[in-house]
Amino acid sequence: MNAVLDRTFAVEKVPVVLIVDDDSVSNYMLSEVLHKDGYQTLIVEDGRAALSACQKELPDIILMDAVMPVLNGFDCCRTLHAVYGHDCPPTLMITGLNDSESVESAYQAGAVDYVTKPFHWAVLRGRVRQAIKAHLANQKLKQSLHKERLLRQELKVANQQLHHFATIDGLTGIANRRMFDERLDTEWKRLCREQSPLGLALIDIDCFKAYNDTYGHLGGDQCLCQVANIIKSCVRRPADVVARYGGEEFALVLPNTALEGVMHIGKSIQADLKKLAIPHIGSAVRPIVTVSIGVVSIIPTLTSSPQTLIGWADQALYNAKNNGRDCVIAFSTSTVMR
C-alpha cells in the first residue's frame, strides 16, 4: 500500500472509490492511479447506475462526472443526498467545465469538491485522500457518539435497576424504609408549601412472633406478603406510599389526606384482612391474623419535621396495642375504632 494512505485505512479496511463517468479512458486512468494509492475502485457509467451501486453498498467517496447520459452528475448528487442524508459519501465532481456557474452548481448539488479535466494527478490524489480521511473521521465520530448514547442508555437502565433494588423491599415488593423516608420528606416539604394535610399510618401485625413460632419463618414470610397485598389494595392514588417499615411493621404515607381519610383506610385494611382470614392459632387476639394501626394527619409546618409525624403515629400505634390490639387509633384520640 502506498505510504500516502493514512495508516488507519490499512488497519480498518481498504477505502472504496466509486467512479461514475461515461468516458472509459478516463475511468481506466482514474482506476489505475487510485489502485496504486491503495484504494479499491468500482466503476459505473451513469448516474442511475451509481444510485444502484450505492444501494448495494455505500462507497467511501464518489468521483462523479458532471455531464453524463441517463442521469447527470448534478442530479445524481442531489438524489444521493436526499436519500442518504448525513450518511451520504463525499462526492468530488469531475468536470471539463471550469466556469464559475458549473462550480457553483456542483457545490449546490452537494459536492464537497470538484476536479477539472484534464487531471492534475497530484491535486486529484490529494483531494481524494483528504476527502476520504475526513469522511472516515466523521464516520468514527458518529460511531463513537452512537456507542456513547448506547452506554448512556445502559447506564440509565442500570441506575434505574439499582434505585429499584435500593428502594424496594425484596420480600414484599413494596417500598422499603429508605423509600419511605425519602417520600415522607418530599411530601412534607411539598405540603408545607401548599399547607395541605399529610396523613401517616403505622401498621403492626399482632402477635407476629407467635405466628413465626407456630408456622415457621417461611410461613411468616408468606403472611407478610399477604398483609402487604391487602394494604396495597386499599390505597389507589399514585402519590400514596405503601412501605415495609421494619420487621412486621408497615407504613402508609398519604398526601392531601385528612385524619378521617387515614382512619377510613385503616379500617378498610382491617376489614379486608378479616375477610381473608389468615389462620393464626397462636394469636392472643383472634384465631386469624389481625393488625394494630396508629394514624395521624397534620398540616406540615417549618417549625416541625417528618419525625414529629412519625413520633405521633408511633404513639398512636402504641396506644392501639395497649388497648387490646386489632384496632385503629388516632394520635391524641382516646376512642378505640374496632
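Where is the place of Arg325? Select Arg325 in your viewer and you will land in the loop between helix H10 (306-322) and strand E10 (328-330). Keep in mind along the way that this is a predicted model.

Stay on Arg325 for a moment. Its phi is near 60°, a positive value in a residue other than glycine. Most residues other than glycine have a negative phi. Arg325 counts as partly exposed, because its relative accessibility is 32% and that class runs between 20% and 50%.

Next, select Val70. You are now in the loop between strand E3 (61-65) and helix H4 (73-84). Val70 is not a glycine, yet here too phi is positive, at about 70°. Is Val70 buried or exposed? With 55% relative accessibility, Val70 counts as exposed.

Show its side chain and look for the backbone nitrogen of Val16, which the side chain reaches at 2.8 Å. Leaving aside residues up to four places away in sequence, Asp60 touches Lys13, Val14, Pro15, Val16, Pro89, Pro90, His135 and Leu136.

For the last stop, select Lys117 and Pro118 together. What kind of peptide bond joins Lys117 and Pro118? The bond is cis, with omega about -10°. Most peptide bonds are trans. Pro118 sits in the loop between strand E5 (113-116) and helix H6 (121-167).

Methods:
Residues numbered from 1 in each chain as written. Predicted model: local features only at pLDDT ≥ 70, side-chain atom pairs only at ≥ 80, totals over all residues. Heavy atoms only, no water. Helix = DSSP H or I, 4+ residues; strand = E, 2+ residues; numbered from the N terminus. Buried < 20%, exposed > 50% of the residue type's maximum accessible area, 1.4 Å probe, protein only. Polar contact = N/O pair within 3.5 Å; in protein donor to acceptor, adjacent residues only side chain to side chain. Contact = heavy atoms within 4.5 Å.
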